[in-house]
Amino acid sequence: MTAREKRYLVLGGLVFVAVAFLPFADTGYWLSLGISIAMYTVLATSWALFSGPTHYISLATAAFFGLGMYVAGVGVDLLPFPVLVLLAAAGGAVLAAVVGLATLRLSGVYFVIFTLGLAELVRQIVTWVQTTMGSSSGLYVLTGITEPMIYWQLLALAALVFLVGWWIGRSRLGFALRIIGNDEVVAAHSGINTARVKVMLFVISGTVAAVTGAILAPRWTYIEPTIAFSAMISFQVVIMALLGGAHRLWGPLLGVIPFTFLSDQISANFPNQTTLLFGVAFLLIVYAIPNGVVGLVENLLQGRKWRSG
Amino acid sequence: MALGMVLTVENVSKQFGGLHAVQGVSFGLEENEVLGLIGPNGSGKTTMLNLISGAYKPSAGRIALYGKDISGSSANAIATMGVARTFQIVRMLPSLTVLENVAAGGVFGHGRRWGQELEESARSLLTRVGLKNAEDAPVSVLTYIDQKRVELARALISDPKVLLLDEWLAGLSASELETGIALIKELRAEGRTIIVVEHVMDAIRSLCDRCIVMNSGAKIAEGAPKNVLADSEVIRAYLGTADA
Amino acid sequence: MLETRNLSVFYGRHRAVEDVSVTVSKGEVVVMLGANCAGKSTFLRAVSGLTPVMTGGSVVLDGRDITHHPPHAVVEAGIALVPEDRGVFGDLTAHENLILGAHPRRARPHQAQNLDRVLSLFPKLAERRKQVVRTMSGGEQQMVAIGRAMMSAPSILMLDEPSLGLSPLLCSELFRALARVKETGVGILLVEQNAKQSLAIADRGYLLDNGHIAAADSAEALSRDEKVKRAYLGAG
Ligand SMILES: Nc1ncnc2c1ncn2[C@@H]1O[C@H](COP(=O)(O)OP(=O)(O)OP(=O)(O)O)[C@@H](O)[C@H]1O
Ligand SMILES: [Mg+2]
């Protein structure tokens, strides 16, 4: 580890400790905003671990997120909560592995559409199971877990995701992923098992999304398929990650923070035109900063450009 | 199978739809040999290399590497066994630097290494192929020929036992060609077994022990370059005149 | 006639081409020789409007200044380039690539005639008209690239290493064909490593060294020049 990396690590740690004090300052509006930011930071950062370097745009986040939420919802009266989180992780990993093995051969737009369909498929199955089991269409998740506890769990998960991402970034695996994103043919002829690498990363991001769902289940108290598997989640994650910049570990975070504030303002002040204003805001942002916030920051930082003959 | 055979290709065919790109081709490759693969455009040379390196699976026939059947193996498995290649139409990794483009060949598979060691090998290979002072540049600023040099370095970083070169010498000037030929000879002297696909007959003559001529997917001649290049059918189908 | 005056191209602080002045008249073949970093490709790209040139230099076609024109305007004016990396549309068929070559307004009336000419030079392209170019062999793609440039009915045809990847037989045929194209009044600017065959069909030639014109002479004189012999024609 270089001195510079150590400094970043310490700095990152300090930031985490600092934001962990948020619940002591406010348990209302700011905490709930903090939870949203933490949730989307985890989802968007883990999404970008896979999709950033490979350019495989996955719209399956909601499938894993909803799965995790349902694991927590179904098991809440049967097992202790930490066990449920682990079960959700296992469920997300298995689903991601199966889906990954089946679909990562698909290229480009076919992969996108399949992952979108996957969330819908899982949602339909859950709905079907629930209605044939005779119960109502939703589930109550009643626990003693408070908002600050959810917030801290998400923060811890975020810290873990950043550490994993940092480790991948400097490992063989991360380099292999970048090679794959550039040219899979070259990757394969360089001895890289492209299928295995892609599935591994897809599993990591699926697992994280499922754990996020499980952690958030107690907050929602009542969950039903349309909410838990909402395609909006998948889309927002993609938008935020791309807005920030998916090719840097800290890129998605730079998308999540402004986007969460913006969406909060829009939905508070214009409850009837939310979607419309969202769309307009999104178009303007993409037009103004095509390379994401990271691109903007990097352009400002470095003016030099490489050229030779 | 003879002793010391690195590669045996038996009756291999490859079809694309109705097109027979390779038809019933058989040949062997001996340890430390340089084999030339020549023939008209579209005769199946690149397809043959694609079959050996696992980019395609044969429609029929069998390919064995060190006696092991690899007809169904994946490209990464074959690369891991020590087969490296370059591409006729270069394939750069555009978002990586020149140095990273070379290092890409050595992260996994045969001769895998990492960290300082990988970086140092990449550096020394860039020097070896004649590319200095461009390590941190994006590959897009390199000329086409320099990109080909990067590709050779990327193949070499895995310390391959078998090297497949698809028109790597094409486009070099006469003096650059000499250096290029010398480099390939050196690679052979290091104990590697090499297949070269080339349209430059001077290179074929000075490099190859043996060459195979393909036409319309089939092998039409095989032997020492000087005999093969004098073959009347080869002249008619490929060379045009007695000396090209 | 194509004329460049003091054309310079800089990449950052590095000069790739400096003060290059050449002329190519209608109905003549001009060859440009040089090592693989002499700046030949950069020069062709600059003429085509693909690389920005420094102020002070100019590109003039038939008396009309086309310096700083965007690439499509340069093609429309009558200059076609076959780039070194071929620049074909990999996802389109061979036929579609050729037809797209005839997109400039000036080329449309002659489309059928030019297509016949291209297909008689490369009969394989007629056979493979429906093949997606990405799946074609290297040499076949090169045929598409040359064919597409010829389809734009250029008055000046610039080719960057057209023989790259062509079989010896096809290579000789290509050079013979270029000599025929010249007869129709087209001016040809050829960048080639195959110095022997290109000098054989050329009228004049330039030597480019380190971005500068090092020599300019008739093709005949160049092929007798000792330096040229050593560097480009092979010792033997
Ligand atoms: N993926 C593919 N799909 C369809 N046809 C293909 C495919 N790959 C190759 N072909 C065809 O198979 C034939 C053999 O191609 P190949 O690339 O092996 O030729 P080659 O001998 O390398 O020629 P060249 O000297 O021009 O590079 C060609 O006619 C080509 O168009
Ligand atoms: Mg080929």
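Thr46(B) is partly exposed, with a relative accessible area of 22%. This residue is one of the protein donors of a magnesium ion, ligand 2. The model is predicted. Chain B touches chain C, with 25 residues of chain B in contact with 26 residues of chain C. Chain B also touches chain A, in a contact that takes 31 residues from chain B and 21 residues from chain A.

**Magnesium site**

- The protein donors of the magnesium ion (ligand 2) are OG1 of Thr46(B) and OE1 of Gln88(B), and they lie 1.9 to 2.1 Å from the ion.
- Gln88(B) has a relative accessibility of 10% and so counts as buried, whereas Thr46(B), at 22%, is partly exposed.

**Interface of chain B with chain C**

- About 1900 Å² is buried between chain B and chain C, and 55% of this area is on carbon and sulfur atoms.
- Within chain B, the residues that lose the most area to chain C are Asn41(B), Ile89(B) and Tyr144(B), which together account for 29% of what that side buries.
- There are 0 salt bridges between chain B and chain C, but 8 residue pairs are in polar contact.
- Helices H5 (144–156), H6 (174–189) and H9 (232–239) of chain B each supply at least two residues of the side that touches chain C.
- H9(B) gives the most to that side, with 4 residues.
- The side of chain B that touches chain C has 13 nonpolar, 9 polar and 3 charged residues.

**Interface of chain B with chain A**

- Chain B and chain A bury about 2300 Å² between them, with 62% of it on carbon and sulfur atoms.
- Asn76(B), Phe108(B) and Trp114(B) supply 26% of the area that chain B buries against chain A, more than any other three residues.
- The count of salt bridges between chain B and chain A is 2.
- In one salt bridge, the side chains of Arg178(A) and Glu100(B) meet at 3.2 Å, N to O.
- Polar contacts link 6 residue pairs between chain B and chain A.
- Helix H2 (75–80), H3 and H5 of chain B give two or more residues each to the side that touches chain A.
- H2(B) gives the most to this side, with 4 residues.
- By class, the side of chain B that touches chain A has 15 nonpolar, 8 polar and 8 charged residues.

Technical notes
Residues are numbered from 1 along each chain as its sequence is written. Chains are lettered from A and ligands numbered from 1 in the order in which they are written. This is a predicted model: local features need pLDDT of at least 70, side-chain atom pairs count only at pLDDT 80 or more; totals for chains, interfaces and linings use all residues. Side-chain values use heavy atoms; hydrogens and water are left out. Contact means heavy atoms within 4.5 Å. Buried area is the accessible area (1.4 Å probe) that two parts lose on being put together, summed over both. A salt bridge is a side-chain nitrogen of Lys or Arg within 4 Å of a carboxyl oxygen of Asp or Glu. A polar contact is a pair of N or O atoms within 3.5 Å; within protein, one must be able to donate a hydrogen and the other to accept it, and residues adjacent in sequence count only if both atoms are side-chain atoms. Ala, Val, Leu, Ile, Met, Phe, Trp, Tyr, Cys and Pro count as nonpolar, Asp, Glu, Lys and Arg as charged, and the others, Gly among them, as polar. Donors are N, O and S atoms within 2.8 Å of the metal (3.2 Å for Na, K and Ca); water is not among the atoms, so sites may look incomplete. Buried means under 20% relative accessible area, exposed over 50%, partly exposed in between (1.4 Å probe, protein chains only).
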